[in-house]
Amino acid sequence: MRYGSALREQIHTPGTTPLVGIYDMYSASVAARHYDGFFVSGFGFAASHYGLPDIGFIAWPDMVAFVERLRLAFPSHHLLVDIDDGYVDPEVACHVVQRLERSGASGIILEDQRRPRRCGHADGKRVLPLEEYLEKLNLVLESRQDLVVVARTDATEEEDILRRAQALAETDADVVLVDGVRDVEWIRRIRKVIDDKPLLFNQIAGGRSPRLSLSELTDLECQVAIYSTPCLFAAHAAIDTALSELKQADGRLPEFSPGTSVGVRASTALLEKNISRHHAPGPRRASARDEGVSAGATPPAR
C-alpha cells in the first residue's frame, strides 16, 4: 500500500480534507467511526504519553512505535504525523522520516522552529534561519519515497511569514502550513504567495486561528484542515465531569443505560475491530473501516 499516494490523491480532490487529531489508541478507535483521516498531534502525544506540555519532550522512537500500532489497527486510514523540528538534527529527521514511512505513515509535518520549541499557537516561538531550515527540509524530501511532506513555518513577523511561505512553496514539499494564522485575510495573503501549492490550516480550541468550517476553508482554497486536539480536550472535560459526579454521588456509579451509556460490552466491541486478523486486505476504502460504524456513529468523513 502506498499510503503517501493515497493521501496525496485525496488532497488534490475538490474540497478540504479533514484530519482529526488523536492522542492514543482508544481516541483513534472512537475517531475512526467518524473520520478516515488522522493527525498524530504532537500536542496530544506529549500530553497523553508523557503528561507534559508540547515544548519538545517527545522522543522519536516513541512516536514511531505509536504510528506502528496505529497502522496495524487502522490499515485504511490516512496518518499525518507531527515530527516537530525533526528532533533537532537533520540526520535524525531523515532517519525518522524513513522509519515512519516504513511503519505506514502517510505523511509528516516538519516545522522551522528552533529549540526550545513551543506549540504553534503559543507565545515565545523562535524560528531557524530560513536557509538552515530549507537545508533540513530538502534532505528530508530526498529521504522520503512516497511520503507526503508538509513544510511548516512558525514565523510571527508579517514580512517573514510571507517570505517563508513563498520559499516553502518553491520546494518539492507537497503542502505548506503557516501555523497560528490570525484571521481569514491572512489566509488569503498566504494563498496568494504560495500560488497553487496545497495549503493546510490548523485550528485548535483556544488557539490563535479563527474557527472555520470545511466549506469556508474550501472557499479559501485550503486543501487540508487538521484538528489537533478535539479528542484530547473532549476527554479532559468528560473525565473531569464524570469524576466530579462520582464524588458528589458518594462513589456510586451512575445508572447504566444500554442504549446510550458506554460500558464493558460497547468498549470491548469497539476495540475488537482493531485486531489485525479482522482486517480484510484490499484497497484504501477497506470494509474494516465501515464495520466500525455502529449505532450512534456517523459514517467516516472524507
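Biologist: What separates Arg 188 and Glu 185 in helix α8 (residues 184–193)?

Modeller: About one helical turn, because Arg 188 and Glu 185 are three residues apart in that helix. Before we go on, this is a predicted model, where local features need pLDDT of at least 70 and side-chain atom pairs count only at pLDDT 80 or more, while totals for chains, interfaces and linings use all residues. Residues are numbered from 1 along each chain as its sequence is written, and side-chain values use heavy atoms, leaving out hydrogens and water.

Biologist: What makes Arg 188 and Glu 185 a salt bridge?

Modeller: Their closest N and O atoms are 3.7 Å apart. A salt bridge needs a side-chain nitrogen of Lys or Arg within 4 Å of a carboxyl oxygen of Asp or Glu, so the pair of Arg 188 and Glu 185 qualifies.

Biologist: Why is Arg 188 called partly exposed?

Modeller: Its relative accessible area is 47%. Buried means under 20%, exposed over 50%, and partly exposed in between, using a 1.4 Å probe and protein chains only, so Arg 188 falls in the middle class. Glu 185, at 44%, is partly exposed too.

Biologist: How do you know that Arg 164 is buried?

Modeller: Its relative accessibility is 3%, so Arg 164 counts as buried. Arg 164 forms a salt bridge with Asp 112, with the closest N and O atoms 3.0 Å apart. This pair links distant parts of the chain, 52 residues apart: Arg 164 is in helix α7 (residues 158–169) and Asp 112 in the loop between β4 (107–111) and α6 (130–143). Asp 112, at 0% relative accessibility, is buried as well.

Biologist: Which parts does the salt bridge of Arg 144 and Asp 174 tie together?

Modeller: The closest N and O atoms of Arg 144 and Asp 174 are 2.8 Å apart. Arg 144 lies in the loop between α6 and β5 (148–153), and Asp 174 in the loop between α7 and β6 (175–178), so the pair ties together parts 30 residues apart in sequence. Both residues are buried.

Biologist: How do you know that β4 and β5 pair?

Modeller: Two strands pair if DSSP finds at least two bridges between them; β4 and β5 have five, in the parallel sense, so they pass. Strands here are DSSP runs (E, at least two residues), and helices are runs of H or I with at least four, numbered from the N terminus. Ile 108, for instance, has Val 149 in β5 as its bridge partner.

Biologist: What do the strands build together?

Modeller: A closed barrel of eight strands, running β1-β2-β3-β4-β5-β6-β7-β8 with parallel pairing.
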